[in-house]
Amino acid sequence: MLRHTGTNRITKLMVAIISVILILVTTISYIAVFDVFAETEQNPAPKKAPEVSASSYMVMSGSTSEKVASKHPDRKMQPGKVTMLMTAMVVLDNMYDEGELSNTVEITEKLTEYGDTFKLGESVTIGDLLDAMLVGGDVQAAEALARYSASKRSIFINEMNSKCMALGIMDTQFENPSGVYKTTQYSTAADLAVITQAAMRYQVIKDALNKKSVTVQATVKKQSRDIEFSSTNPLLTGEGKTSYEYIKGGMLGTIEAPGTGAQFAAVATKDDMQLIVVLMDSEPDKAAAEAKELLEYGDLKVTKNTIVKKNKLCGYARVRGGASTRVAAYTETKGFAYVPPEGSDELIQTQVVMFSDLEAPLEKGDKVGEFRIFVADELKGTVDLIIKQDVPVGWAPSKYYISNKAAVVLGVVLAMLLMLLLRIWHVKRVRAKRRAAMRRAKIRELARRQMEIDRDRVAREWNSSGYDPMPPRTTDIRREAVKAALEKDKKKRRRRKKQ
């Protein structure tokens, strides 16, 4: 019986051990399968590039300049209304400061030849003309801006082509500021992607492209009228399949001659990665859907090598005329870098650049600098540096970069220094009075002693011919003693009068 009982216990123990092992193996297998499934769900295998009607397209990362996908990206074609992004950049480059946005342009007879949006004699501000051009794609606004920015239209066009050279693009030539068809005007999808990337670094352009609609005013003889413009970007204004939640801006226009085709540049930001898609000679009714498909495909294919995290403190910006003249600057988004497979991460360099012309007031979220990312000494991407606090106008010393707090501290230090100087002056004055009083007392004592000596000599009749009872020094001492006594009497009389 004892042996049988022991055998049963051993058997039960072995069964329990085997059961535990089976449970562990099953659990581990389940976890492994779940992880693979989860990884597959989170990082699905990149699909093939979508088929599009566009003759040429480019998908590029605006954050890193990586060429994600393309089709005939170097084919020279009409740039269409995407040209207006270059027009806006040149206009802003030629401005002294953003205060010029309030300047006005009068619509001349020559400008009426390019459209009837604005009437002859009307005045429109530069800011409204930029909105009309960038939001509504207005040709007349583009021509008015060109004439405002340069003395001649031809000079402005030369500046546009010079800007292309500065951006390092060589397959683009502009012949007008609006992008209307002209045989000698051309660009490529690759070049327009670079132009779009550069344009999005201008806050004025960035803000305008993100507007669904805008109202501008045209004024003549103190009477104004409102003109409404809707965005040309269907991914921003559309619904359902013709909208994209991550879209940040873009421009769409059609070329009517020699055939009808749409030129579309769109910008989207997802997980802080900026993607740019440029479609050239696409079917107008398919351009939005094709751009959306390419942006989604680009998000799967783009390299996301994070260089700097969001909300990282990158330095301090100096603000003239602010209550705070030194304000912390943080990265607005993540910063990425792309290095070709044949390259090395050692090629990546970064640089923090703070704007030097900042003036109060500033609002929370305002851009105050850039975090620039270079690969092999070539600028590939930027991250905006923003502030996280309002900066109101400061006191008068803030014009010399002395903040309100620093002014208070400086005032306290100056007050303490003034009090110290006054204390030193008071101590010196008291000591001087004390020395003068001691001197007068000493003089009076000497005079008293001399008078006693004189009286004693007179009493003993020491007035011999060889003795001078009042030597010069004694006379001086007595005179000073009399003077001191008179001054003391005067002070006593003044005190009595005050009482």
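This is a predicted model: local features need pLDDT of at least 70, side-chain atom pairs count only at pLDDT 80 or more; totals for chains, interfaces and linings use all residues.
Skip the neighbours within four places in sequence, and Leu-129 is in contact with Val-105, Phe-118, Val-124, Ala-141, Ala-144 and Leu-145.

Now widen the selection to the core around them. Leu-129 belongs to the largest nonpolar core, a set of 62 residues. Which of its residues touch the most other members? Colour Leu-85, Phe-118, Leu-129, Met-133, Leu-134 and Ile-205 to pick them out. Next, jump to Leu-235, Ala-262, Leu-294 and Phe-336: they are among the 27 residues of a second, separate core. As background, nonpolar side chains tend to be buried together in soluble globular proteins.

Switch to cartoon for the next stop, an open sheet. Five strands make it up, running E11-E12-E16-E15-E14 with antiparallel pairing. Select 313-318 for strand E11 and 348-354 for strand E14, and you have the two edges, each pairing on one side only. Going from one strand to the next, the twist averages 35 degrees.

Zoom in on residues 367-375 (strand E15) and 378-386 (strand E16), an antiparallel pair held over eight bridges. Within this pairing, click Ile-373, and across from it in E16 you'll find Gly-381.

Finally, zoom out to the protein chain: eleven helices and 16 strands. Buried residues account for 39% of its 499. If you draw contacts between residues at least 6 apart in sequence, 62% of them join residues at least 24 apart.

Conventions:
Residues are numbered from 1 along each chain as its sequence is written. Side-chain values use heavy atoms; hydrogens and water are left out. Helices (H or I, at least four residues) and strands (E, at least two) are DSSP runs, numbered from the N terminus. Buried means under 20% relative accessible area, exposed over 50%, partly exposed in between (1.4 Å probe, protein chains only). Contact means heavy atoms within 4.5 Å. A nonpolar core is a set of buried Ala, Val, Leu, Ile, Met, Phe, Trp, Tyr and Cys residues joined through side-chain atoms within 4.5 Å. Two strands pair if DSSP finds at least two bridges between them. Axes are lines fitted to C-alpha atoms, for helices over the stretch in contact, and angles run from 0 to 180 degrees between N-to-C directions.
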